[in-house]
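Ready for a few exercises on helices and charged pairs? Have a look at the structure first, then try each task before you read its solution.

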Amino acid sequence: MKYSIFLSLFFTLAFTESFAQPKIIDKVVAQVGDNIVLHSEIEGQKQSMKQNGVTDQDIDECAILEQMLYNFLLVNQAELDSIQISDEQVDAEMENKLRLIESQMKNVKDEKGNPITIESFYGKTKLQIKEEFRATIKKRMQGQEVERGITATIDVSPMEVETFFNSIPKDSLPYINSQLSFQQIAIFPAITKNDKEIAYKQISDIRKQVASGKTSFCSAAAFYSEDPGSAKACGRIEATRGAMVKPFEATAYSLKVGEISEVFETEFGYHFMQLIERKGDDYIVNHILIAPKFSLDNLDASSKRMEKCYSELKENKVTWEDAVKIYSNDANTKENNGYITNPITGEIKWSVEQVNQVDPMMFQLTDGLELNQVTAPLLYYDFNERKEAIRIVRVAERTMPHVGNLKDDYNLFRMMALEQKKQQAIAKWTKTKISTAYIRIDDSFKNCTFENQWVPKAP
């Protein structure tokens, strides 16, 4: 069994389980300390795996149970160590889980073709759902803290990476698809005091229309708000404490239900909101966002500056490295020689699929470029900063599909070696803790061949 460094299915909110499985007669099939594993939980994991394309032949009940035993061993240790997880941390994690599940349910419909939502499926509000699963999420997070403690100090040396690579049979080395690295120089036109005053006046006028009843909040949000995720839904935001930027959250907690806030500022621009509902740390608001826009003069100035940068690069009057330092004002790339980090992996290398997933325009711009050839200046929208900029881009590296090797794929094999070392540490920890924990497994699983000796062998 290969532990997952805390398997993501551990303590699944029971949403994916419940969507697929019928009601069954339940019973306790295992116990670790005070924590029990139910037969329904095993069935739920099986259904979830089937939904993800795993065939019946590839589903191993014994492996599922052993993973759950390990998970509860972590929880048991967390309880012994009195590991604390704050309510704010639990609520933030719960909010992330709900958003993920909602995104997965967007196209799910009932037998009549009506959309299925979390609320309609359970017949409960989100707040009630959160209360039902809060304890489960907290246990999962406590277990994660224990596991982090087991592996936190583990690292691998270059020699260990080389040894790991040499231990892989040549015919088992992974095949690596083409990968690319990109660099950019980006200039964000300056937002002046006058630009901010224009935006502030605009949103203040909108607020007056809404507060006076001349315009409904929904209409104003749909027509004016520059938050694409909420504008068409009356500006509706459902959040919990810690999920939003501080000025936004502080305003939400300062209002009474139905009250409309004054205009306030965040890093994204100017807002005002109306509190719809608040229960404990959870709240629902409608809000409208207006972001300050740079003037045409500032856009023109930035464009001329970028044209100068582009010309100097083309004429070899400046190196790329110096051009990044002189011209770029993009905080996310300037200190990294212009390299654009892949948000999926955290590295500077991208697969073609990842480029198309995150920034399709990037691939269209660079597909035909030679290495270090620079694109012409182009206006683009930066989703991280939520504002427009002018940029030039170049392909710093492009690897051809190949069998993995240490020279080109050192980071990949380093991660693999590190993972192996962590698994070894976890296996050692598990073996030690099994001997000190109360563990019981139902006879229905007595014929399982586990990787660990969870209960003593019969004499």
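A salt bridge is a side-chain nitrogen of Lys or Arg within 4 Å of a carboxyl oxygen of Asp or Glu. Keep in mind that this is a predicted model.

**Exercise 1.** Work out which parts of the chain are tied together by the salt bridge between Glu226 and Lys293.

*Solution.* Start with the distance: the closest N and O atoms of Glu226 and Lys293 are 2.5 Å apart, and the cut-off is 4 Å. Glu226 sits in the loop between α9 and β5, and Lys293 in the loop between β8 and α11, so the pair ties together parts that are 67 residues apart in sequence. Finally, check accessibility: Glu226 is partly exposed at 29%, and Lys293 is partly exposed at 44%.

**Exercise 2.** Find how Glu145 and Arg148 are placed in helix α6.

*Solution.* These two form a salt bridge, with their closest N and O atoms 2.4 Å apart. Now count along the helix: Glu145 and Arg148 are three residues apart in α6, so about one helical turn separates them.

**Exercise 3.** Decide where the buried residues of helix α7 lie around its axis.

*Solution.* First list them: Val161, Phe164 and Phe165. Seen down the axis of α7, they fall within an arc of 100°, so they line one face of the helix. The face turned away from that buried side carries the exposed residues Met159 and Thr163. And the cover over the buried residues of α7? It includes α15.

Definitions and conventions
Residues numbered from 1 in each chain as written. Predicted model: local features only at pLDDT ≥ 70, side-chain atom pairs only at ≥ 80, totals over all residues. Heavy atoms only, no water. Buried < 20%, exposed > 50% of the residue type's maximum accessible area, 1.4 Å probe, protein only. Helix = DSSP H or I, 4+ residues; strand = E, 2+ residues; numbered from the N terminus. Arc of directions from axis to C-beta. Contact = heavy atoms within 4.5 Å.
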